[in-house]
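Please look through the sequence and the structure that follow, and keep both at hand while reading. The paragraphs after them move from the whole chain to selected parts.

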Amino acid sequence: MRPTRLLNLALILCAICSHFAVAAESGAEWWQKAVVYEVYPRSFADSNGDGIGDLNGITSHLDYLKDLGVDAIWITPFYPSPQVDFGYDISNYHAIDPQYGTLADFDRLLEEAKKRGIRIVLDMVLNHTSDQHPWFLESKSSRSNPKADWYMWHDGKDHQPPNNWQSIFGHSAWQLVPERGQFYYHAFYKEQPDLDWRNREVRNAMYDELRFWMKKGVAGFRLDAVTSLFEDPQFRDEPIARPGKNAFGEPILNRQYTDNLPECHDVFRELRQVTNEFPGGVLIGETYLPNVAELEKMYGAHDDELHLPMDTQFGFTKLSADAFRQKLREAETGLNGHMPLFFFDNHDNPRSSSRYGDGTHNPAIAKLLATLLLTPRCAALLYYGQEIGMENNDPKRKEDVQDPVGRIGWPKDKGRDGERTPMQWDSSANAGFSTAKTTWLPAAPNYKERNVAAETTDPDSLLNYYKALLRLRKTNAALRDGDFALVNESDKNVLAFVRTAGGKSVLVALNLTSKPQTVSFDLPAGHQAITVLSSFSKAGQSNNLKDLALPPFGAFVGQVSDLSR
Ligand SMILES: [Ca+2]
Ligand SMILES: [Ca+2]
């Protein structure tokens, strides 16, 4: 879930930076440089023709994911759920929703993935359960049952909600339950009551749910909405953030009493300890934060909290050399040497091809973004279909909308269906996603040209470019282990940096404009660069770094050398 569709985030000006180069971590863990591929199971592959993707569908495409070269897949929730928020409302944390398969199907997926060297990361929703979860059914039944204080209950004020807190999905965050004569708090839909994380029994019960999956062999968790675990114990009104109204027609509040409270870090430390019981486990955080200083805290003062909190600043800035340079600089200097986790796409945001495409240079821009994501010093998230350039396909009519966000927010906010359409495997019906007559969301109309089968056979396709980049991240020592240094930092048009390991340097140069650019580099490592990968020319060519020509939105990765040596 994401607090706001458009992240309107203040730039943090970097303090005087002593150095940009942060040494590559020693004794690297698998996740430190991982590329984790997000699978939205509902939309990835449908094995039984009911129009909804499922676990066996994922298993059937593991060879594709291996060939692509990802280290792990993160599967969004497949647990039993009333599907009010398509799985982010969980009614049983240690089972599989029948529409996605069975625990035996999951075990087979895990085993087959392991054979191919692909780890599996699960989505874990800690902030809230479904209102159909047995914990909540018991909690709401009386004020005296054993789970009476597992959720955020309040008497209210004069039969009204206790304060002005808003649901992120619109309207008051408080819902009255007649059985108790009390309100419960829900940061998201009313069917998603917030757990009380100050309650020790809640914590222990949830940690046991994590252990259930870790014992099976999953490689960790992506923690949903993890900054929203705690609320102000005094239940104070949130202040108005700025004048105007949000997409739901309500005042815009500063969520200072319901988001990112300091107590979150106590839980992060406990989660890390639970994860540490199982070697190799990773905690990825869904951490929408206002700046890199807050992001840095998520790693823990003693490196004892989240392994990879998502950097939500990087992938949502504007398409300009200065803007991305600033984000890279902040991640290098502001995270105390920790590994940033970059991404452009996920199930909550419009696809990057649609956000950044200009209609004229879309293929070049897609390769530029891929290079920007996968060549800095970072771990990275990919979202299914990103590697073939899938575009948003937003609903045209309100009656077609599946995502409740879109139903509540229509027409201002059309919801998240557009970025959740079926994976485009081939040019057959439903893009090869399903044999059903109709699927839960329709395949985007461009699937006949834009699909895995077509791009596999096209040497210049985005898919083959992604494969080449993912291979390079493993095989090129500078890109895999190297430190990171920005170069030509005053260039308004071309973003460039050098990765260096073992005395060998790779130059990455990205033209972030729609005009051709010629750049000159003065690098200690050499005056020539052999093309390793480029969006506009073949590998193996020698280039003079005094006048490197880049076409509009061109991306260049070159091994720096000095022919005079
Ligand atoms: Ca199915
Ligand atoms: Ca909460």
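What follows is a guided reading of this predicted model, beginning with the chain as a whole.

Because the model is predicted, local features are considered at pLDDT of at least 70 and side-chain atom pairs at pLDDT 80 or more, while totals for chains, interfaces and linings use all residues. Residues are numbered from 1 along each chain as its sequence is written, and chains are lettered from A and ligands numbered from 1 in the order in which they are written.

The protein chain contains 15 helices and 21 strands, where helices (H or I, at least four residues) and strands (E, at least two) are DSSP runs numbered from the N terminus. Its radius of gyration is 24 Å, close to the 24 Å that the globule rule gives for 565 residues, so the chain is as compact as a globular protein of that length; the radius is taken over C-alpha atoms, and the rule is 2.2 Å times the number of residues to the power 0.38. Along the principal axes, the C-alpha trace spans about 80 × 55 × 50 Å. The chain is divided into domain 1 (30–127 + 198–469), domain 2 (132–196) and domain 3 (482–561), with bounds that come from an automatic or database domain assignment. The C-alpha centres of domain 2 and domain 3 lie 56 Å apart.

Buried residues account for 50% of the 565 residues; a residue is buried if 20 or more other C-beta atoms, placed from the backbone, lie within 10 Å of its own, exposed if 12 or fewer, and partly exposed in between. The largest nonpolar core has 151 residues, of which V70, A72, I73, I120, V121 and A380 touch the most other members. Such a core is a set of buried Ala, Val, Leu, Ile, Met, Phe, Trp, Tyr and Cys residues joined through C-beta atoms within 7 Å. Helix 11 (residues 362–374) gives the most to this core, with 9 residues. Leaving aside residues up to four places away in sequence, A380 touches V35, F342, F343, L373 and L374, contact being defined by C-beta atoms, placed from the backbone, that lie within 7 Å.

Helix 4 (residues 103–115) shows how one helix sits among other elements. Its 13 residues should span 18 Å at 1.5 Å a residue, and its end C-alpha atoms are 18 Å apart, which agrees; the expected span is 1.5 Å times one less than the number of residues. Which residues of helix 4 are buried? They are F106, L109, L110 and A113, and seen down the axis they fall within an arc of 95°, so they line one face of the helix; the arc is that of the directions from the helix axis to the C-beta atoms. What covers them includes helix 2 (55–60), helix 3 (62–68), strand 3 (119–125) and helix 6 (200–216). On the other side of helix 4, A104, E111 and K115 are exposed, and just after the helix G117 takes a positive phi of about 70°.

Helix 9 (residues 321–334) has buried residues that include A321, F324, R325 and K327. The buried residues of helix 9 pack against helix 8 (292–297), helix 11, strand 14 (483–487) and strand 15 (494–501).

Finally, A529 is found in strand 18 (residues 528–534) and is buried, with 25 other C-beta atoms within 10 Å.

Methods
Two residues are in contact if their C-beta atoms, placed from the backbone, lie within 7 Å.
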